[in-house]
Every structure is written in structure tokens, then in C-alpha cells.
Amino acid sequence: MKTNTAGQKMCSLILLAAGIILLVGALIMDFSGSQSTLRGPMLVIGAVSFFVGLYFFPTLKHHRQIVYVIFLFPLLFTFAVTVIIPLLLGICYSFTDWTGIKFTQVVGFANYIAMFKDPAFIWSILITFIFVVMNMILVNVTAFLLALLCTSGLPGVGFFRASYFLPNLIGGIVLGYIWQFVFSNVLINITKISWLVQTKTALAAIVVVYIWQYAGYIMLIYVTGLTQIPGDVLEAAKIDGANARQTLFEVKIPMLASTFTICTFLTLTSAFKQFDVNMALTNGTGSVPNFMGNYLSNGTQMLALNIYNTAIAKNSYALGQAKAVLFFIILACVSLVQVRISNKREVEL
Amino acid sequence: MKKKVLALIMAGTMIFGLAACGEAAAPVADAGAAPADDAAPAGDASGEAAAPAASSGEGIRLVNGKIEVDAMLKEAAEKYTQETGVVVTIESMGGGVNIQDTLKGYYQADNMPDIFVCGSDADFDNWKGMLVDMSGEAWASDTDAAYKNDGGTVGFPYTTEAIGLAYNADILEKAGVDPKSITGPDAMKKAFETLDSKKDELGLTAVIGWCTEPKDLYWSTGSHSFANYIDSGLARDDTKYADMLADGGKIDETRFEHYAEMIGLFNQYSDPALLTSGTYDQQILGFASGKYAFVTQGSWIGATMTSDDADAYKEAGNFKCGMAPYAFEDGIDTILTNSPSWWAVFDNDNKADSLAFLQWLAGEEGQEILVKKAGFISPFKSCTFIADDPFAETISEYTAAGKTSSWHWLKNKSGLDQNALGQLYADYALGSIPDAKAFTSTVAQVLQQYYAE
């Protein structure tokens, strides 16, 4: 038995070593720009032999952990390659003068300083916050009212429920172009000049389109919440003589507290990340004659679009990257608060 | 037994899945490695950037920025392949794709095309040190339109475009306005007034099709129209106003105010339905169907008029077109002509093939397809073909008379039209900037901000 273990240990060590050598060899060949077709198989065989070696490593104590790691590896690897590594690279780039092709020097915090000195960016942050607050309230109110309507038992609610949800199935870009047509070619007969050409009305237009797109989706969540309220509670309220208004405010809304939390955060984060409708509808145009002593031309440009534009149209990738890091921090904070609050609620329930 | 079979199937599926993951992981690892290359100093990067798939000697790939000539370029490529055996793949981009950004993505993914389009100083600066100097090529001595910077002759010119005040010659003739008389602001104003008074009998909707919509047409106002302030009336090598602009965004306020007065005139006489919320298609269709006597787009609309809008153009009598100078000051008598963009050759293993293909395009067979089929106006002196384009004649007249200026707006800071100027033209048209004086001071302020960033 003992020799067997020793043999097994030997075997697994050889496999591990061979795997590592093959992997490293393949990676070196890859980095040095080798055109050898062997490097693909080398990488795969190396990885497989490494894991087989790991699996047969004779240990009782850690065997379970090793198996867990092996099974988790594909997911962890994908996550690292698609999320973690780009995130770290992005943060590194924000401290350089990267052009999207190469960088020549590390500039420290210069990009971050430049970004806060840029009135156009401050304006973008400002209107994004206003937009988020407005949307959070308006989308939820609209969606809740629609949900009440759709659970009221009127004839044809199924049809209306589907049709309110429909705008959500259309992509933001297409939707933006449809509404651009509506504002510049149809509504122009009433409004005389298109809503999209002046900053204030253009912002209102984005809010309207966003509600139109998103309220149906949030409505569905409210509908689910409303239909899950136990019938006996509603029946008890009815027997106690509660009228419709009392039932709504004293029974239904308190029962929906957790749904409200979910919907609030859903609208909050998605409004923050608003990009496609913004781009297709106005692409950030609109003038602000005097903001911090400057004449701005990006009246309706929200944070995500500002980042995109800085990198692509203005050709300053590093500055855009710095802005994106700030954007990430803001969104991470919002998400952390969200997780905290929903965890608390779940415990209470 | 059944359970065992089931377990076997599941285990098999898992192994298959893992193997698939492994296979997939190889290219992913490649992608991860590409940005790391980036960390190398600029000089080294060019050497390593050979695309593995495309550069193995079996063909070359060209990224074209003019989607409308995609079919014609493919035809030329096919003919070239038949003659030489070198496969040329044409990859056309258009319709709002930011080509430079896509190319940066290709570079990161190690998938660079061998020939690609570059449209401005900023574009060429992106690829500094990675482009082939073509000054030794035969075509380079046959043209003045090649793009040169301190890396040598790095841009191959393939067409010529002109910016001028395009007019419908038939309508002008009917109204008794001689386009040759438009040599200064007063004459232009008089011509506009005459046309405006005869609008109904000429079937015009408006005198001029001028659109300041800032979201999609910012380039028409912020680059092409602004170009007239920079270059109109100047010699081809005169960079006076471009240099002032590059020096912290300064403008010559007297000249700009004259220019602004002309824009005010356009605002006044344009079609209100088009002025602030129109589209490019509307603008060109309006001109092609004879509803506007003038249009503020360059010679490239000829292609649209004879293809997409061919029916409307035919109905309007296939009228003769011409171009007048944007004469916002007395004595301005030039239109602006230039190569709108160039093809650059990426410095890799395929460069010999790429250079040979460009030389072929500049030769007789290549030019025949580019000029006759794609409607390009040849920048090569030896070319004898004449494009069948409504504006070809007027451009060659101006060129022959030496009355052309260059396109120094290509030196503008990246994104100037989209992020600063386009919106100002819209504000001026809307009336929130009331007059030429206010427009001048606002533009001066915005340019200074933009160049200070």
C-alpha cells in the first residue's frame, strides 16, 4: 500500500511538472509571436496533465478542496479573463497616456485631475444624477400604476400587460431612432420645433422614452408581487370593511416592501448606465450657454456616453479610461448599498 | 445499470465540455496576451504586430471607409487576383462605424489589415512608426495629393472631393442668375433674394438646402462648412488660419464674422423643415428633386444623386450641377478640393504585396474601374478617364484654372465638429445665438476651451 502511494505520488508529480512545462512553453511561444501550430495542443495537453496530476495527488486532507478547485476552474478562468484582468488593465491604463494602441509614459493622476477640471464632464455627472432620480421615481410610479391596472381584473388585461411590456423587447438603439423620427417628424407639428434640439426639452424627451421602454418591465415585477399577496389577507381586509384605498395603502403596499426595494435598485442602476437611447436619440447634443463660465455643447450627454465620446470621438483613451474607473466606483457603491439593504430585508422577512 | 449509463453519459458530457473549454481557452489566452504586448515601448510594437491568419503570404486585406463603393472595389480586387494570383479581400465599413476605433480593436486582437483608410492628421498620428513610407513608388510622383508626414509619404490618395456651394445650374439660368457673378457677399445676397422672389415659378421650396442638425450632421457644419473659414480664397499651401487655430484655438474675428454673416444668410433662406432637424437624405433628395437651388454639401452627393435619388433626379430633368465659391468676402474665388482620406500600408510581412496592389490601382486598369465605375475623380495626373459624375466637370474646371484651396480642417483637433462646433451652428440657426457677432464670440470662446483641454 505504501509503495503504491509513493508510486502514485511520483506519478502525479511528474504529471504536474510536465503540465507546467508544457503550459509555460506554450505561453512563451505565444508571447514571442511564434507561428508554430504546436502551441495550441501543447497548451491543452499541458492543462489536462496538470489537472490529472493534481487530482491524483495522494492526500486525504486536501483531496476535497482540490476537486472543488478543479471543478470551479473553467468558470474562474473565464471570469478572470473576461472580467478581472480587463478591470485591472483598465485601471492601469488610466494612469498612462494610452492611445488605444500604445502608451509612452506613466502620467500618474494627471488624467483624474484633468477630468475634474473639465466642466463638460461635471455637467455630465450632474445631469446623470438628475436623470437617475427622476427616473427612479417616475418609472416606479408609472410601473406600479400600470401593475395595479393589470391586476384589476378588467377584461383584456392580458393583452395590455403584453403590450406594456413590448417596448422592452425593442433594442435601445432602434427605439432611439424610432423616437427620433416621432419627435422630429410627427410631434413637430404640435411643438413647432423638435423637442430634441433644445437641451431642456431633449432631456425631457430622453426621460419619456426611457419610461416608455422600462416601465413595462418593472410593471411585470410589480404584477408578480401583487399576485403573490395571499388571498386570505385580502379577504380578511375585505371582511373587516376596508375600502379599495385602505386595502392599497394598508395591506398591498406594505406587503410589497421587498419588491419596491428590488425595483428601486433595478431602475437606479440601469438609469445610471443609460447609453443606447441617449446615443440614438440625441447623441449628447444640446447647448448650455453658461455653465461654470463655459459654453457647453454636450447638454444631454450622460456619464456613459461622455466616457465613450472622450475615448472614441476625442481620441483620448486614457482620459476616457480614468472616467470609466470613476463610473465603476460609483456603480460599485450603489450595488454594495443595494446588497446590504436587500440582505437586511430578507432577514427581517 | 441504468444509473451507471446515465453517470457515464454525464461524465462524458463533462469531459467533452472541459475539452471544449480548453480549446476555447487557447484563443482567449491570445487575446489576453495582446494588451500585454502593448506594454512594450512604441518602437517594438510594430515589429510584433504581424497578423497570424492574414499574413501568411496568401493575400492582403484592405479596410475601405467608403461603403458606397464596396462593390466596385471588390470588382477591382477580383480582377487583380485574376491577373496576379494575389487574393485581395475588401472589408468595407460605413454607416456610423468609427473606423479608427475598430482598427484599434483589430490591432489589439492581432488582426490588422494590410491596407487601411486614414482620414486626418490625428488618424495618421495614431499609427506613427507603423506605416510604410511609399515615397519610392511610381505613383507617388504622379500626384500632388499623397499624404506626407515625417514618416514619409504614408497615404495613397484614391479620389478627390470638393467643398463648394453646389448649385442647380438649370434653375439659376431660369431665374436669370449667373453663378459666375457670385464673387462676394453682396452678389450672393442678391442672388438669394432674386431666387427667393421667384420661388413659386421655379418650383422651389427654399433657396438653399442648409441643415444644421447637430446629432448626425455635425460633420457637415462643424467640419466642412467651417473649412471655408479656414481655407476659402487661400493658396493651397497657405495654412495661416489653420495655424492660428492650432495655436490654442484662436480665430481671426473679422474674417470669421464675415463668414458668420454668410451662415446667417443661409439660416434665413433655408427650408425651415430641414434647417434644425432634417437629415442628410432629406437634404440631398430635396436638391436632387429640384426643390433647392443651392445645397451646402460637397461633390460626394453626386454619387447619391445618380444612385439612391436617381428617380427624383431624373424627374427634375437630370439638371446640370456646378459649384460656386463660398464667397463670404470679396475676392474669394476658390473651392476646396482634396483627397478626403487616404489608404495607408501597415508595415508587416505583406507590405510588398500591398504596395504592388496600390501601384496597380494607380495604373490604367485600376483607374478605369475606380473612375468609371466607382465615380472617383482621379488624383493622378496621368489618368485620362473622366468620371460620369454631375460635379466632375466643375471640379476639373476649377482645377485647371488653379482656383482651388486645400482642406486644412483635417488638422482640426479630434472631435471638434462633434463635440463643439456642430451644436453652435444649430444654436445659431435656432436663434438662441442671435446674430453674426454673437456667433463669432461664442465660437471664439468654445474653440479656446476645446483647445485648452
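1. Let's start with the strand pairing in chain B of this predicted model. Ala166(B) sits opposite Val295(B) in S9(B). The two strands, S7(B) and S9 (residues 292-295) of chain B, run antiparallel and are joined by two bridges.

2. S7(B) has another partner: S10 (residues 321-324) of chain B pairs with S7(B) in the antiparallel sense, over four bridges. Here Leu165(B) is the residue to look for, standing opposite Ala324(B) in S10(B).

3. Which way do the residues of strand S7 (residues 165-168) of chain B point? Leu165(B) and Tyr167(B) point one way, Ala166(B) and Asn168(B) point the other way, and all are buried. In a regular strand, side chains alternate between the two faces of the sheet.

4. Now for the packing. The largest nonpolar core holds 188 residues, and Met219(A), Ile208(B) and Ala293(B) touch the most other members. Helix H9 (residues 199-227) of chain A gives this core its largest share, 13 residues.

5. Leaving aside residues up to four places away in sequence, Met219(A) touches Ala143(A), Leu146(A), Ala147(A), Cys150(A) and Tyr164(A). There is also a second, separate core of seven residues, among them Leu22(A), Met42(A), Leu43(A) and Ala47(A).

6. Finally, the domains. Chain A is split into domain 1 (2-108) and domain 2 (113-348), and the C-alpha centres of these two domains of chain A are 42 Å apart. Nine residues of domain 1 of chain A contact six residues of domain 2 of chain A. On the domain 1 side of that contact, three residues are nonpolar, five polar and one charged.

Notes: Residues are numbered from 1 along each chain as its sequence is written. Chains are lettered from A and ligands numbered from 1 in the order in which they are written. This is a predicted model: local features need pLDDT of at least 70, side-chain atom pairs count only at pLDDT 80 or more; totals for chains, interfaces and linings use all residues. Domain bounds come from an automatic or database domain assignment. Two residues are in contact if their C-beta atoms, placed from the backbone, lie within 7 Å. Ala, Val, Leu, Ile, Met, Phe, Trp, Tyr, Cys and Pro count as nonpolar, Asp, Glu, Lys and Arg as charged, and the others, Gly among them, as polar. A nonpolar core is a set of buried Ala, Val, Leu, Ile, Met, Phe, Trp, Tyr and Cys residues joined through C-beta atoms within 7 Å. A residue is buried if 20 or more other C-beta atoms lie within 10 Å of its own, exposed if 12 or fewer, and partly exposed in between; C-beta atoms are placed from the backbone. Two strands pair if DSSP finds at least two bridges between them.
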